[in-house]
Amino acid sequence: MAYWRDTWTFPGSKEHEYKWAGNYGAKGEKRSKRAKASPEQIRKQNQHNREKTVKRKIKANFKESDLWSCLKYPEGMRKQISEVKKDLRKFLDAMRKAYRERGEPFKFIYRLEIGELGGIHIHILVNRLRGDPASDIMMQELWYHGRVNWQSIYEYGGYEQLACYIVKPPGEEEAEQLSLFPKEERKDLVKFSSSRNLIVPEPERKTYGKYTVRKIIDYGPKPEPGYYIDKNSVRIGVNKYTGLSYLQYTEVKIKTLNRFDRECLSREEERPWNEWWTSISINLSRELEVQRERSGTLSGSRRQQDRQRSEISVQERGQPMK
């Protein structure tokens with residue numbers, strides 16, 4: 001039985017995903033029975049996977065200071081999609097040339113989007129150049145069809161929020177506007193495109209024994225030296241469609257924090273983390289037990305042993321935080 005951790009390394013952070021079959025390595029444990037997913041559940045899972053893929057691609061190629069911009073047309077102008085794509089192609093060619101003259105690569109991710117009144121605009125993420133001219137000035141000069149609005153990735157809300165926006169499905173109002181376009185043109189308004197020079201991040205895989213995996217679940221993962229674990233990034237549970245348990249979290253490099261954040265982190269005591277993790281690991285144990293009872297993969301004696309182990313674990317480590 002295999003247990004592994006996939007790690008994606010980015011400037012300033014690392015993302016970890018643990019996966020293992022069954023009750024995180026319990027002897028004699030079988031994988032839960034797979035559940036048949038509904039079309040809606042499949043759609044949600046695929047959307048979640050797209051968001052993670054795009055977020056990692058952004059983190060591997062862009063910094064928080066890079067620009068998330070909107071290329072606009074004058075109010076009331078309604079161009080065909082073919083004309084918009086032609087304007088965009090000329091803009092991208094001009095930007096590549098300007099970056100090349102500065103000795104820098106031009107990286108981008110863009111998405112065409114339809115507004116509330118039916119007008120098309122372009123959202124584009126570009127790597128930022130400072131100096132003369134800076135990228136924001138350069139974009140406004142080269143996009144002579146209208147105004148350019150921009151903000152940094154940090155100001156927008158970070159990598160995850162930006163990735164969700166880039167791959168978001170059209171809402172009700174957007175779907176109504178899309179119905180006005182020919183079917184062959186609608187796909188251009190619901191997808192994103194990127195430059196070919198983007199780095200595609202690949203994970204580094206490390207395998208583990210079952211006792212190491214159980215220790216990680218019981219006491220929580222430990223950050224690497226110079227990093228801390230972002231509690232908001234922790235995801236732990238059982239995938240009821242594959243029968244696999246999972247643990248996901250992100251480590252952030254302490255050097256990338258500002259002074260205030262570093263002081264707050266240094267004042268954080270070890271006990272709150274232990275209490276917080278205890279509550280999470282106990283919830284996972286209960287979820288695993290319920291999952292196995294439903295699928296019939298857990299025997300009565302095995303179920304009783306797991307309950308006793310869980311009770312002993314609570315007594316040893318203390319009650320979870322309220």
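Q: In this predicted model, where a residue counts as buried when its relative accessible area is under 20%, is Leu 88 buried or exposed?
A: A residue is called buried under 20% relative accessible area and exposed over 50%. Leu 88, which is found in helix α2, has a relative accessibility of 3%, and therefore it counts as buried.

Q: Which residues is Leu 88 in contact with, leaving aside its neighbours within four places in sequence?
A: One of these residues is Leu 112, which lies 24 residues from Leu 88 in sequence and 9.7 Å from it in space, C-alpha to C-alpha. Once the neighbours within four places in sequence are left aside, the residues in contact with Leu 88 are Leu 71, Tyr 110, Leu 112, Ile 122 and Trp 143.

Q: Within what arc do the buried residues of α2 fall, seen down the axis of the helix?
A: Helix α2 runs over residues 81–101, and its buried residues are Ile 81, Val 84, Asp 87, Leu 88, Phe 91, Leu 92, Met 95, Ala 98 and Tyr 99. An α-helix has 3.6 residues a turn, so residues three or four places apart point the same way. Seen down the axis of α2, the buried residues line one face of the helix, because they fall within an arc of 135 degrees.

Q: Which exposed residues does α2 carry on the face turned away from its buried side?
A: The buried residues of α2 pack against β3, β4, β5, α3 and α7. The face turned away from that buried side carries exposed residues instead, namely Lys 90, Lys 97, Arg 100 and Glu 101.

Q: What is the arrangement of α2 relative to α3, given that their axes cross at roughly 140 degrees?
A: The axes of the two helices come within 10 Å, and Phe 91, Ala 94, Met 95, Ala 98 and Tyr 99 in α2 meet Ser 135, Met 138, Met 139 and Leu 142 in α3. The crossing of α2 and α3 is right-handed, with an angle of roughly 140 degrees. An angle over 145 degrees would count as roughly antiparallel, and 65 to 115 as roughly perpendicular. The angle between α2 and α3 therefore makes their arrangement oblique.

Q: Which residues does Ser 69 touch, not counting residues up to four places away in sequence?
A: Ser 69 has its place in strand β3, and it counts as buried because its relative accessibility is 2%. Not counting residues up to four places away in sequence, Ser 69 touches Ile 122, His 123, Ile 124, Met 139, Val 148, Asn 149 and Trp 150.

Notes. Residues numbered from 1 in each chain as written. Predicted model: local features only at pLDDT ≥ 70, side-chain atom pairs only at ≥ 80, totals over all residues. Heavy atoms only, no water. Buried < 20%, exposed > 50% of the residue type's maximum accessible area, 1.4 Å probe, protein only. Helix = DSSP H or I, 4+ residues; strand = E, 2+ residues; numbered from the N terminus. Arc of directions from axis to C-beta. Contact = heavy atoms within 4.5 Å. Axes fitted to C-alpha atoms, helices over the stretch in contact; angles between N-to-C directions. Parallel < 35°, antiparallel > 145°, perpendicular 65-115°, else oblique. Left-handed = near helix turned anticlockwise from the far one by under 90°.
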